[in-house]
Amino acid sequence: MRRGLRFVPLALLLAVVLELAVFVGVGRALGFGAAVLLVFAASLLGLVLLRREGMRAWRGFRSAAAAGQPPGGQVTDGLVGLAGALLLAVPGLVSGLIGLLLLVPPVRRLARAGVRRTTERRVSSMVAGDLFGPRTVRVRQGAPQPQPTPQPEQPVVVDGGRAIEGEIIEPGRH
């Protein structure tokens with residue numbers, strides 16, 4: 001079992017306590033009926049958006065697969081959209097706010113980039129290349145940067161220092 005998984009029950013308990021505290025605070029400020037109506041409206045909106053985001057993610061995945069392009073961008077965008085809609089659908093004001101934020105385009109782009117980075121770290125380079133396409137590697141020509149320890153070999157400059165497209169392949173995985 002991974003070390004981080006043992007904190008999941010504690011995190012869920014803290015999330016429930018936070019949701020209750022925020023609900024009580026909003027209930028005292030606006031009234032109990034208004035707080036319940038706000039939670040209900042957010043959940044209803046989340047359910048509507050869940051269907052829309054799911055269909056949007058599926059269409060994006062199918063169009064990328066039909067065009068022969070790596071589907072990773074559409075998949076990560078769809079996952080972030082589905083997570084936002086799901087958090088909005090779950091009854092609670094804090095989860096609804098987080099879900100709503102995940103549906104805002106600038107925050108969605110940041111979350112999508114985070115999902116991509118995490119995925120690329122956790123899977124092999126070949127799988128990441130299949131999902132997101134080949135990585136672009138920049139090779140620069142110029143004076144080498146001073147190194148704290150001497151390097152046995154200097155990097156090779158290819159193609160006059162212009163950017164070239166390449167794929168990173170891990171040794172032993174062909």
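Let's start with Glu53, which forms a salt bridge with Arg56, the closest N and O atoms being 3.6 Å apart; a salt bridge here is a side-chain nitrogen of Lys or Arg within 4 Å of a carboxyl oxygen of Asp or Glu. This is a predicted model, so local features need pLDDT of at least 70 and side-chain atom pairs count only at pLDDT 80 or more, while totals for chains, interfaces and linings use all residues. Residues are numbered from 1 along each chain as its sequence is written, and side-chain values use heavy atoms, with hydrogens and water left out.

Both Glu53 and Arg56 sit in helix α2, 3 residues apart, about one turn of the helix. Helices (H or I, at least four residues) and strands (E, at least two) are DSSP runs, numbered from the N terminus. An α-helix has 3.6 residues a turn, so residues three or four places apart point the same way. Still, Glu53 counts as buried because its relative accessibility is 1%, whereas Arg56, at 40%, is partly exposed. The cut-offs are under 20% relative accessible area for buried, over 50% for exposed and partly exposed in between (1.4 Å probe, protein chains only).

Now to another pair. Arg112 forms a salt bridge with Asp77, and their closest N and O atoms are 2.8 Å apart. Arg112 lies in helix α5 and Asp77 in helix α3, so this pair ties together parts that are 35 residues apart in sequence. Arg112 is partly exposed, with a relative accessible area of 26%, while Asp77 counts as buried at 14%. The two pairs belong to one picture: Arg52, Glu53, Arg56, Asp77, Arg108 and Arg112 are linked in a network of salt bridges.

Over in helix α5 you'll also find Arg116 and Glu120, 4 residues apart, about one turn of the helix. Their side chains meet in a salt bridge (3.1 Å, N to O), and Arg116 counts as partly exposed at 34% relative accessibility. The count comes to 7 salt bridges. The C-alpha atoms of Arg117 and Ala128, 11 residues apart along the chain, are separated by 9.8 Å.

Next, have a look at helix α4 (residues 93–102), where Leu93, Ser95, Gly96, Gly99 and Leu102 are buried. What do these buried residues pack against? Their partners are α1 (8–30), α2 (32–66), α3 (72–89) and α5 (105–122), with contact meaning heavy atoms within 4.5 Å.

Ser95 turns up again in the lining of the second largest pocket, along with Leu12, Ala15, Val16, Leu18, Glu19, Leu87, Val94 and Ile98. The elements giving two or more residues to that lining are α1 and α4, and the largest share, 5 residues, comes from α1. On a 1 Å grid over the protein atoms alone, a pocket is an open set of points with protein on both sides within 12 Å along at least five of seven lines, and lining residues have an atom within 4 Å of a point. The volume is about 150 Å³, taken as the space filled by probe spheres set on points joined across faces, edges and corners.

Finally, the surface: Phe7, Leu10, Leu13, Leu14 and Val17 make a nonpolar patch of about 500 Å². Nonpolar patches join side chains (Val, Leu, Ile, Met, Phe, Trp, Tyr) within 5 Å, from residues with over 30% relative accessible area and no salt bridge; areas come from the Shrake-Rupley method with a 1.4 Å probe. Leu13 is found in helix α1 and counts as exposed because its relative accessibility is 52%.

Terms used:
Patches are made of residues with over 30% relative accessible area and no salt bridge: like charges are joined within 9 Å, nonpolar side chains (Val, Leu, Ile, Met, Phe, Trp, Tyr) within 5 Å. On a 1 Å grid over the protein atoms alone, a cavity is a set of points where a 1.4 Å probe fits but cannot get out, and a pocket is an open set with protein on both sides within 12 Å along at least five of seven lines; lining residues have an atom within 4 Å of a point.
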